[in-house]
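Dear colleague,

Please find below the structure that I am handing over to you. A short account of the findings comes after it.

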Amino acid sequence: MRKGRIILYTGKGGVGKTTLSALTGLLCSEWGYKTLVLSTDPAHSLGDSLDMPLSPEPVEVAPGFFAQEIDIYYSIQKYWGELKNYIRELFRWRGIDDTMAEELSVLPGMDEVAGFLWVNHHYQSGIYDVIVIDSAPTGETLRLLSLPEVARWWVERLLPIHRKVVGTLRPAIRLVSDIPLPREETYDAVEVLLTRLDEIHQLLSNPEITSIRLVVNPEKMVIKESQRAYTYFCLYGYPVDAVIVNRKIESNGFITLSEQVRRQVEEYLSWIHFSFSPLPIFTAPLMEGEVVGLNALKSLGKLIFGSQNPAQVFYSGHPMRVEKSRKGYTMVLYLPFVEKSAISLLQRGDEVVLQSGSFRRNLFLPRILQGLTIEGAELKDSHLHIHFVPPSSSQG
């Protein structure tokens, strides 16, 4: 497999992922990389950020710098026209007119899937050195990144059985119903689609190729959603290499902060640093005007990354994992420079609150740990091991 770079920005809707994706792509091109910024978010604003019209295919914005906004209908026809045709036939069979059948043939989630199929296509083509993804809001991104596991199950287990059964029963079904049945070409298209999703998983989980960057604002709801996302990225094996705090409010020529607001901003920043340790934290100040156009994007990019190469891997490692144990499961966290005597744990619903001194970190538990209770914890070589067991075991 060729080596290139994929950088994916994600976060709660409205935190500024598009702006950060655009400026990262621009800076990468100035470092000499042929770079593509690709928007997989259905609510496209990449063209607005760059202040120029874009299309469903890459458009050159500046020398070595390209951008693309995914068009769902264009992408579906390109990647799975046969599957769409079959879905449309089913709707027509149910008596739905052609116009409505065309609209309904675009199933929920297809736009996000189409975006990642484009990522795979561009990476395998070798045309670009760096691909920057302006992704959908966090929830949609997490659901999409879990699809490859489902895809592998379909390819290995269900699809061959379904294909064989339909092939065997096709003549009998034809005698009693005129329902459209999948053709061999339809099954081929589905298998290709699911195989490509598995390829995407291999790409996005390779820390030498892909880096996911979380974008947060210094706001409580945004931070908590990002904490939850960070937990699942770690557990799914997707490498997160940085957190970008966007729109940090600072006292300057056009903003004067009260003491109360200043303390709150500092409190949120401390919370972010503790919650996402050991990831590097970059900050982007709240700008006086809109960050639109190449000059404004470049200026903000320099404030964030300074003289650093934005295409580099800023962190590599496994800060969180879950392991099967003899009695249940163990969550392992990397906590450098922390003494065990300074750590306290409190389990509350689907999260664990970890406190060290004046800092508090909320660990959102994956489903496999929900319903279990903490039996104990130990610190080994800067890694905190939290042991979870079924409630009956802890009582015994």
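Predicted model: local features only at pLDDT ≥ 70, side-chain atom pairs only at ≥ 80, totals over all residues.

Residues are numbered from 1 along each chain as its sequence is written, and side-chain values use heavy atoms, with hydrogens and water left out.

A nonpolar core is a set of buried Ala, Val, Leu, Ile, Met, Phe, Trp, Tyr and Cys residues joined through side-chain atoms within 4.5 Å. Buried means under 20% relative accessible area, exposed over 50%, and partly exposed in between, with a 1.4 Å probe and protein chains only. The largest such core holds 92 residues, and Ile6, Leu50 and Leu333 have the most contacts inside it. Its largest share, seven residues, is supplied by helix 5 (residues 110-125). Helices (H or I, at least four residues) and strands (E, at least two) are DSSP runs, numbered from the N terminus.

Of the 14 residues in helix 1 (residues 17-30), 13 are buried, so this helix is largely enclosed by the rest of the structure. Glycine 32, with a positive phi near 100°, follows helix 1.

Asparagine 246 is located in strand 7 (residues 240-248). Its relative accessibility is 6%, and therefore asparagine 246 counts as buried. A polar atom of its side chain lies 2.8 Å from the backbone oxygen of valine 15.

Yours sincerely

Notes:
Polar contact = N/O pair within 3.5 Å; in protein donor to acceptor, adjacent residues only side chain to side chain.
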